[in-house]
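Subject: The structure, and what turned up in it

Hi,

Here is the structure I promised to send over. Have a look at it first, and then read on for my notes.

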Amino acid sequence: MVESALLAFGVLVVLLTLGVPLPYCFGGGIMVMVFVGGATMKGAMLWGFGQLASPVLLAIPLFVLAGTIMSSSGIAGALLKFVDVFVSRIKGGLGVVATVSCAIIGAISGSGLTGIAAIGPILIPEMERKGYPRAYATALIANSSILGLLIPPSVTMIVYGWVTDTSILACFLATLGPGLFIMTAFSATNLVWARKFPLVLDEPVSFGGFVSEASSRALIAVPALVMPVLILGGIYGGVMTPTEAAAVSVIYALPVGFFIYRGLTVRSLFEAGKEAGTAVGAIMIMILFSLILSQMLVLQNAPQALVDMIFGITTDRTLLLILVNVMLFLLGMVVNDITAIILVAPLLMPLMQAIDVSPVQFAAIIGVNTAMGGVTPPYASILYLGARIGKVKVTQVIRPAMILLAVGYVPVVFLTSFWPSLSLAIPKFFGY
Amino acid sequence: MMDRLFKVVLTGLLLIVAFFQAVQVVTRYVFEIPVMGLEEMLIYPTLWLYVLGSVNASREDSQIRANVLEIFLKTPRGRLKLSVLAEVISLGIVGWLTWWGWDFFRYSLRVWKESPTLYVPTFYSDCAVFIGLVLMTLWTVASLIKHLRALAADKVSSGVEVNNG
C-alpha cells in the first residue's frame, strides 16, 4: 500500500518535471492510486467538490481581487508618497520606502505579486532617476514583494490552515514576526548597499515644512491606510471572519479606486476581475484534485509511513529541521507557494508533531520557505514579473536578488525554525 | 469575443460573491439580523467562479506548471516536442477525470439533492465540475493541435532550409 503511495508521488514529480499542468499532475497521482493502489473514485468528486465550497477558501479569490484592484487603482502611489516623506532625505531612504511600502501593501493584499505589480511601475523608474541601478531597484522591490505573503492576511496561510486544520488567524500571526524581521533586514542591507550608489537626495526642509508636507501626504494616504486597519482590525477585533474581511476590502476598494484615487476604470476593473478569477480558478481546481489525492494517501496511512521511514534514517530534531528546510527550499524552486503547501504540509505535519514543532510554528517555517521560492529560479514568478516590470534582463536581477536573499531571507528561515518565539510570541499574545 | 465573455462573467461572479459577503457583515453586525440562506446561496456563484476561472486558465494556457525540464532544452523545437508530450499526457488524464465528472453529474441529477434552507437543487453547482472538465479537455485538444501544427510547420521549414542549403 505504501508502495502505491510512493509510486503516486513519483508519477506526480515526473509529470511536474515534464511541464504537465499542476491539476493534471495530481490527476495522474490519483490514477496511480486507483489503478495500482486499489483506491476508488466513487464519491471522490462529490467529496472533493463539497470541500471546495468551504467559506474559508472563499477568502482567497476576494483577497486576490482586492490586491488586483489595488494595483490598478492608484492606492499604491498614495502609500509610497506618504512613506517617502519620512526617509527621502536619508541616503538609501527610497529603498526603505520600497520595502516598507511592500509590507503595508502586504497588510491589504494576501498575495506576493501585488507589491511588485503595484509599486514596481512607480518606484523603479523613480529609484533609477535618483541614482539606484535599475537591476538593483527591481531586485529590492521583487524581494520585498514577498512580504505580501508574510504580513497578514496571506493566501498561503489560508490554504495551510485549511489543509492542516490549524487556526487561520494564528497562522496569519505566525508569519508576522519573520515578515517584520525580513523587512528590517532588507531595509538595513539597502542602507549599507546604497552608500555605493551616486544618489540624489531631496533638498533638506525646515521642521515646519516637513510637518506640512507630511500632513498633506497623510491626508491623501488616509483612504489607503484605512484598508489594512479595516481588514486586520475587523479580523482580530472579532468583528469579521477573514472571508468577510476580504469581501469588505473589495467593496471598500471599489469606490476608493474609482472616485478617490481615480486610477480604477470600468475597463481595468474587468481586467482585474478576469485576472483574479483566472488565478483563483487555476488554484482551486488544483486544490480539488490534490485534496482527492491526499485523502487517498491518508486512507492508506502514507503520512505515518513517511514519518516512520524518516525516523528510520535519523531522529535528530536539528538535523530533521534542516532537512525539512532544505526540502522546502528546493520545492520552492520548482513549484509555486500554494502548490508546495498543498503537496507537503499534510505529509510533513505528523513528522513536525513527532519532533515537537507546533502546527503554528510549522506554518511560519513553511510560509517563509515557500515565499522565498517566489524569487528563487527556476520557478521565480515574482522575480520574473519584477524583471518584466523593471524592463531589465532576469540575468541582471539575479545577482542582487540572491545577495538580498542570502542576507535578508536565509537567516530568518533558520531563526524561524530554531527560535520558536519568533513565530509563536505574537499568536500567543493574541491568545492563540 | 471569448476574452470579453470571461472578463464579464468572472468579474460578475467575483463581485456577486463579495457583495453577498459584505451584505452578511452589515446585516449581522450592524443590524444584528443575519440573512438566512445567504451563505447557502453563495456556494453557487463561488463554485462556478472556481470552475470557469480554471477553464479560462486552460484557454489562456496559464494553468500552473513547474516546467523544470524545459530549462534544460536548448532549442525551440525541443521545447515544442516537450509541450506536445505534456499535452498528450494532460489529455489522457483530463479525459479520465472528465469521465468521473460525468459520473458525478449523473449521480447529482439522479439524487437531486436540495440545499437545507432554501431548497435550491445542488445540481446547479455540481454540474459545474463536468461542464468545466469538458471545456478544459477541449482547450487541451485545441492547444495540442496548435502545437502539433507548429511542430509540423517547423519540420517543413527545417526541411526547406536543408534543401536550400
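Which residues of the largest nonpolar core touch the most other members? They are Met41(A), Tyr160(A), Phe289(A), Phe362(A) and Tyr409(A), out of 190 residues in that core. Helix H15 of chain A, residues 266-299, supplies the largest share, with 16 residues. There is also a second, separate core of 5 residues, including Ala170(A), Ala174(A), Ala364(A) and Leu424(A). Please keep in mind that this is a predicted model.

Setting aside neighbours within four places in sequence, Met41(A) is in contact with Ile30(A), Val34(A), Ile292(A) and Met296(A) in chain A, and with Trp96(B), Leu97(B) and Trp100(B) in chain B.

Gly386(A) belongs to helix H20 of chain A, residues 381-390. Its relative accessibility is 0%, so Gly386(A) counts as buried. Although Gly386(A) and Ala142(A) are 244 residues apart in sequence, their C-alpha atoms are 5.5 Å apart in space. Beyond its sequence neighbours within four places, Gly386(A) is in contact with Ile116(A) and Thr138(A).

- Pro152(A) and Pro153(A) are joined by a cis peptide bond, with omega about 0 degrees. Pro153(A) lies in the loop between helices H9 (147-150) and H10 (155-164) of chain A.
- Asp356(A) is not a glycine, yet has a positive phi, near 65 degrees. This residue is in the loop between H18 (337-354) and H19 of chain A, and at 66% relative accessibility it counts as exposed.
- Lys391(A) also has a positive phi, near 55 degrees. Lys391(A) is in the loop between H20 and H21 (394-418) of chain A and is exposed, with a relative accessible area of 68%.

On to charges: the structure holds 18 salt bridges over all chains. One of them pairs Asp84(A) with Arg217(A), with the closest N and O atoms 3.5 Å apart. That pair links distant parts of the chain, from helix H5 (residues 75-87) to helix H13 (residues 207-236), 133 residues apart. Asp84(A) counts as buried, at 13% relative accessibility.

Another salt bridge, 3.0 Å from N to O, joins Lys7(B) and Glu271(A). It crosses between chains, from helix H1 of chain B to helix H15 of chain A. Both residues are part of a salt-bridge network that also takes in Lys274(A), Asp3(B), Arg59(B) and Glu60(B).

Finally, the surface has a nonpolar patch made of Val239(A), Val26(B), Tyr29(B), Val30(B), Phe31(B) and Ile33(B), with about 550 Å² of accessible area together. Ile33(B) sits in the loop between H1 (2-30) and H2 (38-59) of chain B, and at 55% relative accessibility it counts as exposed.

Happy browsing, and best wishes

Terms used: Residues are numbered from 1 along each chain as its sequence is written. Chains are lettered from A and ligands numbered from 1 in the order in which they are written. This is a predicted model: local features need pLDDT of at least 70, side-chain atom pairs count only at pLDDT 80 or more; totals for chains, interfaces and linings use all residues. Side-chain values use heavy atoms; hydrogens and water are left out. Patches are made of residues with over 30% relative accessible area and no salt bridge: like charges are joined within 9 Å, nonpolar side chains (Val, Leu, Ile, Met, Phe, Trp, Tyr) within 5 Å. Accessible areas come from the Shrake-Rupley method with a 1.4 Å probe; for residues, only the protein chains shown count as cover. A salt bridge is a side-chain nitrogen of Lys or Arg within 4 Å of a carboxyl oxygen of Asp or Glu. Helices (H or I, at least four residues) and strands (E, at least two) are DSSP runs, numbered from the N terminus. Buried means under 20% relative accessible area, exposed over 50%, partly exposed in between (1.4 Å probe, protein chains only). A nonpolar core is a set of buried Ala, Val, Leu, Ile, Met, Phe, Trp, Tyr and Cys residues joined through side-chain atoms within 4.5 Å. Contact means heavy atoms within 4.5 Å.
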